[in-house]
Amino acid sequence: MAQYRTSVKIGNWNEELRLEEDTKREHLEKKERGELAAQKVDFLKQHILSPVDLTVTTDGRLHFGDVVMLVNMGGEERDCSALSINADVNSFKKIPTPGIISPCGVAAGKGIQACPRTAFIITSVDGSPEGSTLHFDQSFALKTTSGFARGLYLTSDLQSFQKCAKKSRLQEVNLEDGSSFLSWWKIVHFDPQERLEYEGQPVPANMSVLIIHCKTNQALAVLGDHVIWNTYGKEYEMTAHTFLDSHKAEQDNNRWTLCTSDPAGEGLVLLTHPRLGAPNKVLTQADPGI
């Protein structure tokens with residue numbers, strides 16, 4: 001009667017051995033080309049989280065061409081967050097040059113640091129020259145910075161069954177190639193009682209304001225009750241929707257601060273708020289809108 005030992009090869013042992021060798025060879029080839037999932041994530045973070053210099057404002061105003069961060073100061077159940085590109089390994093390309101594929105989503109990230117993911121350029125849509133002052137109720141666009149995420153515009157579309165925010169089902173906000181009327185926004189004063197008085201006045205930097213979508217008249221908003229888990233951790237969903245309180249005033253979901261750099265060159269933004277915490281080196285100016 002035949003007896004089998006552990007060293008006896010049975011079944012399709014040769015095919016299994018070849019398959020294992022092919023798998024190892026394919027893994028090594030992908031590693032050499034930088035196509036492993038971990039390598040893609042590292043490559044993405046290396047480029048999209050690299051430091052970016054925000055504009056230093058000398059007159060305390062916002063101008064066309066300024067590089068700013070859009071920061072929401074948070075609320076009772078929501079941390080401070082910044083408008084951020086929600087790009088994963090499937091949203092970027094290496095060839096011919098590294099970049100983000102359009103369309104690309106956005107989120108409200110807790111990383112308050114100036115980088116290509118969080119920095120945006122105030123761009124003219126009405127022929128205003130670069131360097132001129134931005135005024136309340138004046139249309140403008142928000143464009144991603146040069147380099148890795150170059151040339152994408154913050155865009156919002158009408159709510160529909162096919163195009164809406166994934167969790168809240170409210171009006172979608174994302175990044176698209178090229179500027180159109182759907183990428184036009186305007187800034188209004190956060191206080192409805194003073195809004196008419198500020199119309200046409202220069203927009204101060206580092207002040208709480210509302211950012212309104214020109215097409216739909218909905219305000220840019222962060223949703224603390226709709227959490228997104230992505231490559232960068234726990235973040236909040238973004239939408240264009242106006243949230244009103246009992247006094248018909250916009251809630252803190254809709255309040256944003258367009259942050260510039262510290263004139264002394266020692267910090268990132270001119271904000272003083274306990275929710276910002278330690279990552280900001282210099283906090284020199286309180287936000288009058290909080």
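## A buried phenylalanine and the aromatic pairs

With a relative accessibility of 3%, phenylalanine 136 counts as buried. The model in which this residue is described is a predicted one. Two aromatic pairs are present in the structure. In one of them, the ring centres of phenylalanine 136 and tyrosine 198 are 5.5 Å apart and the ring planes stand at 70°, so the pair is edge-to-face. Phenylalanine 136 belongs to the loop between strand S6 (119-124) and strand S7 (140-144), while tyrosine 198 belongs to helix H3 (residues 195-198), so this pair ties together parts that are 62 residues apart in sequence. Tyrosine 198 counts as partly exposed, at 27% relative accessibility.

The rings of phenylalanine 181 and tryptophan 184 also form a pair: their centres are 5.2 Å apart and their planes are at 75°, so this pair is edge-to-face. Phenylalanine 181 is partly exposed, its relative accessible area being 41%. Tryptophan 184 likewise counts as partly exposed, at 25% relative accessibility. A further ring is involved with a charged side chain: arginine 117 lies over the face of tyrosine 232, 3.6 Å from the ring centre.

## Overall architecture

The protein contains three helices and 14 strands. It has 290 residues, of which 44% count as buried. Among contacts with a separation of 6 or more, 66% are between residues 24 or more positions apart.

## Strand S14 and its two partners

Strand S14 (residues 255-259) is mostly covered, with four of its five residues buried. Strand S1 (residues 67-72) pairs with S14 in the antiparallel sense over three bridges. Strand S11 (residues 208-213) also runs antiparallel to S14 and is joined to it by three bridges.

Which residue of S14 is the bridge partner of valine 71? That partner is threonine 257. Serine 208 also stands opposite threonine 257, which places this residue of S14 in both sets of bridge partners.

## Strand S13, its hairpin and alanine 240

Strand S13 (residues 233-240) is mostly covered as well: six of its eight residues are buried. Strand S12 (residues 220-230) pairs with S13 in the antiparallel sense over eight bridges, and the two strands form a hairpin with two residues between them. Within this pairing, threonine 239 of S13 is the bridge partner of alanine 221. Strand S5 (residues 104-109) is joined to S13 by two bridges, again in antiparallel fashion. Here, alanine 107 has glutamate 237 as its bridge partner in S13.

Alanine 240 is located in strand S13. This residue is buried, with a relative accessible area of 1%. Alanine 240 and glutamine 171 are separated by 69 residues in sequence, yet their C-alpha atoms are 5.3 Å apart. Apart from neighbours within four places in sequence, the contacts of alanine 240 are Ser156, Gln171, Val173, Gln218, Ala219 and Leu220.

## Nonpolar cores

The largest nonpolar core has 39 residues, and the members that touch the most others are Leu62, Leu70, Ile122, Phe140, Ile187 and Leu258. Domain 1 (14-49) and domain 2 (52-259) both contribute residues to this core, so it lies between them.

Leucine 70 illustrates how these members are surrounded. Excluding neighbours within four places in sequence, leucine 70 is in contact with Ser81, Ala82, Leu83, Thr118, Leu142, Ile211, Leu220, Trp256, Thr257 and Leu258. A second, separate core comprises 13 residues, including Val52, Val67, Met69 and Cys259.

## Backbone features in the loops

A cis peptide bond joins serine 102 and proline 103, with omega at about -5°. Proline 103 is placed in the loop between strand S4 (99-100) and S5.

Arginine 169 has a positive phi of about 65°, although this residue is not a glycine. Arginine 169 lies in the loop between strand S8 (152-156) and strand S9 (173-177) and counts as partly exposed, at 40% relative accessibility. Asparagine 217, another residue other than glycine, has a positive phi near 60°. Asparagine 217 is found in the loop between S11 and S12.

Technical notes:
Residues are numbered from 1 along each chain as its sequence is written. This is a predicted model: local features need pLDDT of at least 70, side-chain atom pairs count only at pLDDT 80 or more; totals for chains, interfaces and linings use all residues. Side-chain values use heavy atoms; hydrogens and water are left out. Buried means under 20% relative accessible area, exposed over 50%, partly exposed in between (1.4 Å probe, protein chains only). Two strands pair if DSSP finds at least two bridges between them. Rings of Phe, Tyr and Trp (its six-membered ring) pair if their centres lie within 6.5 Å; planes under 30 degrees apart count as stacked, over 60 as edge-to-face and the rest as tilted. A charge sits over a ring if NZ of Lys or CZ of Arg is within 6 Å of the ring centre and within 35 degrees of the ring normal. A nonpolar core is a set of buried Ala, Val, Leu, Ile, Met, Phe, Trp, Tyr and Cys residues joined through side-chain atoms within 4.5 Å. Domain bounds come from an automatic or database domain assignment. Contact means heavy atoms within 4.5 Å.
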